[in-house]
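I opened the notebook to look up a few things by residue and element. Entries follow in the order I made them.

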Amino acid sequence: MDRGLPDDYSIETALALACRAPSVHNVQPWRWRICDRSVHLYLDPSRALPSTDPDMRDLVLSCGAVLHHFAVACTSLGFAAVVHRLPNPDEPDHLAAITLVPHRATDQEIALGKAIAKRRTDRRHFSSWPIPPGHLSLFAERAATLGAVVRVVEPEEREHVAAAAREAARLHAADEAYRFELALWSGLHSSPDGIPAHSIPAARAGDELPARVFAGPELTDTAREADHAELLVIATSADDRLSQLRAGEAISAVLLSATTIGLASCLVTEPLEIAAERAKLRMRVLRDTGYPQAFVRVGWAHTSAEPLPPTPRRPLDEVLIPQDAG
Ligand SMILES: Cc1cc2nc3c(=O)[nH]c(=O)nc-3n(C[C@H](O)[C@H](O)[C@H](O)COP(=O)(O)O)c2cc1C
């Protein structure tokens, strides 16, 4: 880039930070192209999980998260990202064209930028300390600016999410292709992608909301009590690719905002990966007013909980499309 805009080194710094974004099974389904005056985000269908995520919803959500992370990273470097989503109707995997304009970051924006390196998916039980309502409304406000709705799943609605999670887990456990995919992508050691064993606690029977069962758990959860996470639902008014992309951006905004406050978080999407369960949740939780895209557990980690190490990422050159590629 030129004319007072960031040089390639700064863009690559922002991209490396952006790629800390969460993604389903840590598949990192994105590719980036740096052009003279713009940066482009593509969905990489070669990273799809056909048995886990047949509609590629989780894949697009993951790309929305990396897009928002990139915008946050650029802001920390002194540039605002102007995002044109789905710029080419003939190329649906071209998710965003981004131009950058000089911008002085606010304290809040700097805090969000710092949260990128600190955020982790925490699958352990959370403590019973309540989350002040102001924090929860902050998530809703930030998600709304990105075109998504975020709200707390009320106690009487939680049983519907739990029932869907149990049914999705039952169907997945009986699905050999799903189990094969899960074994390929979880319980890993020294892999630049997938979920490392050190991030996975053993499955616990009796949880109100059953967690996804991953392969090879090696994380110790010192919590002795039941999980006290607050459950949020992220929803959109439509269910097309643009809405899913925006939901992914909202997910990123919620997770980073939670991190700035010191809250732990964990996405929950298994109940939405089964079409019939997703349809039920749409009626029973959202009362047909929107499309559920993801749930997020948020809460305070137990004081005895060890800090989680970061999950690995692929080297940047693996996700950069070379400048001379057609
Ligand atoms: C769209 C999406 C769906 C996800 N679904 C789940 C899930 O159902 N259960 C879970 O434990 N983690 C889920 N995750 C979290 C990822 O496994 C996690 O982001 C990834 O392993 C990278 O780890 P990190 O978030 O700690 O950097 C999901 C993440 C995304 C973006």
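**Entry 1: helix α8**

Which residues in helix α8 (residues 275-284) are buried? I note first that the model is predicted. I looked up α8 and found Glu-277, Arg-278 and Leu-281 buried. They span an arc of only 100° around the axis, so they sit on the same side of α8.

I then turned to the face of α8 directed away from its buried side. Ala-275, Ala-276 and Met-283 are the exposed residues there.

What do the buried residues of α8 pack against? I found α5 (155-173) and β10 (291-299) as their partners.

I followed the chain on to Asp-288, which lies in the loop between α8 and β10. Its phi is positive, about 65°, although Asp-288 is not a glycine. I wrote down the background: most residues other than glycine have a negative phi.

Is Asp-288 buried or exposed? I counted it as exposed, because it has 8 C-beta neighbours inside 10 Å and the cut-off for exposed is 12 or fewer.

**Entry 2: Gln-28**

I looked up another positive phi. Gln-28 has one of about 55°, and Gln-28 is not a glycine either. I placed Gln-28 in the loop between α1 (8-18) and β1 (30-34).

Why does Gln-28 count as buried? It has 24 other C-beta atoms within 10 Å, and 20 or more make a residue buried.

**Entry 3: α4 against α7**

At what angle do helix α4 (residues 133-145) and helix α7 (residues 241-261) pack? I read about 150°, with the axes 9 Å apart. The crossing of α4 past α7 is right-handed.

I listed the residues that meet. From α4 come His-135, Leu-138, Phe-139, Arg-142 and Ala-143. From α7 come Ala-250, Ala-253, Val-254, Ser-257 and Ile-261. I sorted the contact of α4 with α7 by class and got 7 nonpolar, 2 polar and 1 charged residues.

**Entry 4: around the ligand**

How many residues are around the ligand? I found 21. Of these, Pro-22, Asn-26, Leu-61, Thr-121 and Thr-311 come nearest. By class, the shell divides into 9 nonpolar, 7 polar and 5 charged residues.

Which element gives the most to this shell? I found that α2 does, with 4 residues. Both α2 (57-76) and β9 (264-268) supply at least two residues each.

**Entry 5: two exposed positions**

I looked up Gly-206 and found it in the loop between β7 (195-196) and β8 (230-236). Gly-206 counts as exposed because it has 6 C-beta neighbours inside 10 Å. I also checked Gly-206 against Thr-303. They are 97 residues apart in sequence and 23 Å apart in space, C-alpha to C-alpha.

Where is Ala-325? I placed Ala-325 in the segment after α9 (316-319). With 7 C-beta neighbours inside 10 Å, Ala-325 counts as exposed.

Note on methods
Residues numbered from 1 in each chain as written. Predicted model: local features only at pLDDT ≥ 70, side-chain atom pairs only at ≥ 80, totals over all residues. Axes fitted to C-alpha atoms, helices over the stretch in contact; angles between N-to-C directions. Left-handed = near helix turned anticlockwise from the far one by under 90°. Contact = placed C-beta atoms within 7 Å. Nonpolar A, V, L, I, M, F, W, Y, C, P; charged D, E, K, R; others polar. Arc of directions from axis to C-beta. Near = placed C-beta within 6 Å.
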